[in-house]
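Welcome to this short tour. Please take a moment with the sequence and the 3D view before reading on.

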Amino acid sequence: MKIDVIIVGGSFAGLSAAMQLVRGRRHVALIDANSPRNRFAKTSHGIFGSDGKTPAQIRTTALSQLSDYPTFHLVEEMATKVDKIPEGFCVTLKNGATYYAKKLILTTGITDQLPDIPGVKEHWGKSVIHCPYCHGYELKDRSLGVLATSEMAYHQAAMIPDWGATTLFTQGQFKPEGEVLDHLISRGVVIEESPITYVVGDGEHIQHVLLEDGRTILIEGLYVAPKAIVASPLIEMLNLETVETPMGTVVTVNDFKESSVKGVFVAGDLSNAMQSGTLAVMSGTMAGVGAHRSLIFNR
């Protein structure tokens, strides 16, 4: 089978990249183990035309549309190895199958490292969330909290009062001062220094949080910025350049999403310091266009 581009990862970024390429009449193999980062979210919001749909519904719709193009090929398996060869790239799957292509797009391999606090993981994607634009509207007019995992929490805490009364839990580690503190106070943010030790709820809805000093505070939604961990072994195999951000590790790319290795494009949460469904679609589109341009101009 002749393949121009292999895309590893079939969530929003990978699907978007595939659409640009098949519409450019290029042969695409989309390799996807169907274990996306957004699988914990009940619904996706803020995505134009798909607001309120589940990630699975969006994927199904996209795959249905892509299947109308004769140059699209879906491979539902995990990619375990990649080799750079003179003709391009060879990707080996868990079942032993191999695929060859001139260009490679990676849109997978991020996991969320959540704070090790009982109850956080159980409510993740429901009432413990990371993005107000993605899920904040559904928690509007409730008692909300921001769990500080870095000083970036100050910025997030200043935003959240637009959705509801906000408490910043510094965990006794991150103490806002000066103009930052003044701004938070002016926004009505309550500063709580006693660390959260337990998030109490029914697995979907938070009821309250327990603090180290024994107090209980009513909280119905908790914002957490998890640390993004690059989990895909393909990144290391290709020796791609990465950079550390306050949100975790991302792969270094140029404006067309090409990495430090020629012919390898990286999109979605793997290369986006700011992360959401809409931004994943945008970066996937750019990666698809970038890979197509690379094929045309032999770059």
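## Before we start

This is a predicted model, where local features need pLDDT of at least 70, side-chain atom pairs count only at pLDDT 80 or more, and totals for chains, interfaces and linings use all residues. Residues are numbered from 1 along each chain as its sequence is written, and side-chain values use heavy atoms, with hydrogens and water left out.

## Helix α2

Let us begin with α2, which runs over residues 55–66. Helices (H or I, at least four residues) and strands (E, at least two) are DSSP runs, numbered from the N terminus. The twelve residues of α2 reach 16 Å from first C-alpha to last, close to the 16 Å expected at 1.5 Å a residue; the expected span is 1.5 Å times one less than the number of residues.

Pro 55, Ile 58, Arg 59, Ala 62, Leu 63 and Leu 66 of α2 are buried. Here buried means under 20% relative accessible area, exposed over 50%, and partly exposed in between, with a 1.4 Å probe and protein chains only. Seen down the helix axis, the buried residues of α2 fall within an arc of 130 degrees, so they line one face of the helix. That arc is taken from the directions from the helix axis to the C-beta atoms. The cover over these buried residues includes α1 (12–23), β2 (28–31) and β3 (72–75). On the other side of α2, Ala 56 and Thr 60 are exposed.

Is Thr 60 buried or exposed? Thr 60 counts as exposed because its relative accessibility is 52%.

His 123, in helix α3 (residues 120–123), counts as buried at 2% relative accessibility. Leaving aside neighbours within four places in sequence, the contacts of His 123 (heavy atoms within 4.5 Å) include Val 128, Val 199, Asp 202 and Ile 206. Met 78 sits in the loop between β3 and β4 (79–85) and is partly exposed at 40% relative accessibility. Not counting residues up to four places away in sequence, Met 78 touches Ala 33, Thr 92, Leu 93 and Lys 94.

## Empty spaces

Rolling a probe the size of a water molecule over the atoms shows where empty space is left. On a 1 Å grid over the protein atoms alone, a cavity is a set of points where a 1.4 Å probe fits but cannot get out, while a pocket is an open set with protein on both sides within 12 Å along at least five of seven lines; lining residues have an atom within 4 Å of a point. Grid points are joined across faces, edges and corners, and a volume is the space filled by probe spheres set on the points.

The second largest pocket has a volume of about 540 Å³. Of its 21 lining residues, His 130, Met 247, Ala 273, Met 274 and Gln 275 lie nearest its centre. Helix α5 gives the most to this lining, with four residues. The largest cavity has a volume of about 30 Å³, and its lining is made of Leu 147, Thr 149, Ser 150, Met 152, Ala 153, Gln 156 and Ala 225.
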